[in-house]
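Hi everyone, thanks for coming.

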Amino acid sequence: MSFGNISYAATDDTIYVNKSDMDEPIAYGSRDSLYLDIRKNVLHLYGEAYVDNGWVKLNAGYIMIDLDKNEVLAQYRLDEDSIEVENPVLTDGGEEINARTIRYNFKTEKAYIEEVAIQEDENYLYMGQAKRHQNDQIHFKKGMFTTCNLEEPHFHFQLSRAVMIPDDKIVSGPMNLWVKGVPTPLGLPFMIIPQMEDRNAGLVFPELVPLSQYGFGLQDLGYYLPISDKLQTTIYGTLYSRGSWGIRDVTDYAKIYKYRGTIDAGFQQFRSGFPENINQNKLTLTWRHKMDPKANPTWNFSTNVNFISDNNSQNNLDPINPNYFNNSFNSDINLTRNFPGKPITSGAKLSLRQNALTNNVSLASPVVNVNVSRFFPFKKLVRGNDGIKGMLSRFGVTYSFEGQNRTLFADSLIQQNRYDLIGDQFQNGISQRMTIQTTGGLFKQNVVKLTPSVTYSNKINFQQIEKFYIDSSNTTGIDTLQKMGIAHDLSLSVKLSTALYSYYRFVGKKKPTLRHVLTPSISYSYIPNLNVTITDSVGVNKALETYSPFERSLYTTGSTRDQSLLTFGVNNTFELKRISEKDTIEGVKRTRLIELLSVAGSYDFNKDSMNLSNLRLNLRIRPIEWLNIVTTSTFSPYDWVDSTGSTLKDYAVDNGRLGRFLSTNVATTLTFTSEESRKKLNNVIDQIPENWNADFEYFMLHPEYAINFDIPWKLSLSHVYTLAANTSKTELNSDDYSQIQTLAINGDVSFTKRWKLATQTNIDIKQLAITNTRLSLTRDMHCWALAFHWTPIGNNKSFLFSLRATSDMFQDAKIELRKPPAFL
């Protein structure tokens, strides 16, 4: 079909024009109808209409194409309730514009727009009337700029006239701040708003600390410096009136589809002032690095470094100090290598472990490992799943190799810069382990599982000890020798296990049925002594003493005698099943009454006495969704001396006693909330984005502690009861058992849709004292956040009031008051 210089093809919805009109074909379409006015050379499209010339696409409820002028007019349409729907959307490259009316010329690339809305990242720009020019600049008036995504934003900057230069900036004439649709006297004669692609260097406003143990201070006065699209850094400075100060640099780097990370390095100096005038320095380093899995399928490099030089988490210039209760700091730098299609992985790691309670630091530099996961060498050679053929096809081999260089030293050596002593305490060695294992079935239907295995390992140490007798003090001396030695371990074992099912049906309308699963297992292991021991007159009064030269080596040896062990264990689970009308799939409801009830122990035939080991008992029950109880105990079958509590070699039953519990730990957790809120609580971990930092890892493990405004209320009670036998009684401590009880209360409640009150309290039940309490009052203001945190009890008493914007662009637009003057 042809109309003058227009060729219309009804099959592909494409209009072809002469070169004098449009250079490229224009694709179009609509849902409802289209109408071509031949006399005016105008095409009308109705209902979900679109026009696309390859680089510019326009969607709207109604579109008119003027083929003579090369113009397109797009407008909304009215639905059956006379409501404006299908507003025009113009897409030009990666830029998208929403408006009420759009008139666009394909030849001049100019546009006239009414009531346009543009979103870029978290920024929203509204224009009353706008014109787009050929150079892509947009001139507009009656504009609004905000980071609030509501149709009627909580706040915005009213722009009289402005020009938007894409990927550069917005230049505006007179503007002022509006809050909830009400103008305020705050304004500027002009304003320049940089786009996100154009990051500018500038100052970061500090936080005022009116009162602290270091005096009045300015915290984190910073300067932001964008180096490139892949690298940015911010330098912070902190200064207090009593002389303490600190400097910190935070550098963020990222390369799309490759890696991303953050380095936070800081230095703090604490000054005690007159008359002590003692200066104490502290270095901190945090480094998080993560590779994109798509970057390299075989190599992976990651870091998680959290280092503090003084090994003291309670010493910090930040009055709030979120790490106040942390007693351990772990740092790891990992490099791993995978071999696709092969069961081999390898890696190298640098590891640092700091403990503030023991004042020790453990450094492994490096740890090299190679692991071969189980492979089946005879699987392709032997066919069959039953009998000997089945056991040969399931014949599996695993192998592991580890070599490391490790030292354990006091943290004071770092503060004293005694790195020479740290180097002298390094120990190094190599450990290898290989296991051969297969499985088979016994009796009809293989009801009993048979698992024989052979495990061989060796440990190569480059340090040994040598003991000698000291005449002057009648004691034993120990020398450390830089000498290589190798120790061997061999274990031959066979294991039998099965599962027994019992069903108990009860009378009732819902036909309840109790299922009991009993899983017993028994295994026998023979471990011959392949290690060399030394017997010499080095004990007190030159008594003979037998020892291993690897007692203090990196890889210590196991037993120095033959072992013939019989290991046994029984595991139980109890599940109740009953008819439920709420379950539309199975029609039944299942409740795990006892998730775990186990007893385990061993018997050593080669020991001279006390052949039977202590029994380990575990119980885990969750009868209802809001209650979880975990119990672990150690039971001794041997008799003991009442006066001292020490354990004897005789069985307790020989003296008319059953035995005693050496230790028992009972942890009970109750979480109260509504059923709908519990479902949201169970999904907290899945909803946490991957780019959250390590501060949020605590909430991944304890989602019931997270503040969530979608959950109206919740209360969590955690009670820990520990009972330990006193095996060394004294006159000052003659109790048979020692007891420790702690109670943690965590809860929050929303007394309105936006207000939430939360509390966290730790109680020492034995002392009947509150050890720590934290109260939080938060207000969700959509694009602003109001928070009040108060810790009235504990060593970290603190106070924080903050009002801040939730957008990244205005993250420094905040008011914070920490530790106010005493008169408040």
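Let's start with Arg 337: its charged end sits over the ring of Phe 339, 4.4 Å from the ring centre. By "over a ring" I mean that NZ of Lys or CZ of Arg is within 6 Å of the ring centre and within 35 degrees of the ring normal. Arg 657 likewise lies over the face of Trp 640, at 3.9 Å from the ring centre.

A word on the source: this is a predicted model, where local features need pLDDT of at least 70 and side-chain atom pairs count only at pLDDT 80 or more, while totals for chains, interfaces and linings use all residues. Residues are numbered from 1 along each chain as its sequence is written, and side-chain values use heavy atoms, leaving out hydrogens and water.

Now, how many aromatic pairs does the structure hold? There are twelve. Rings of Phe, Tyr and Trp (its six-membered ring) pair if their centres lie within 6.5 Å; planes under 30 degrees apart are stacked, over 60 edge-to-face, and the rest tilted.

Take Phe 378 and Phe 395: their ring centres are 5.3 Å apart and their planes at 50°, so this pair is tilted. Phe 378 is partly exposed, with a relative accessible area of 32%. Here buried means under 20%, exposed over 50%, and partly exposed in between (1.4 Å probe, protein chains only). Phe 395 is also partly exposed, at 23%.

For Phe 635 and Phe 661, the centres are 5.1 Å apart and the planes at 70°, so that pair is edge-to-face. Phe 635 is buried, at 16%, whereas Phe 661 is partly exposed, at 36%.
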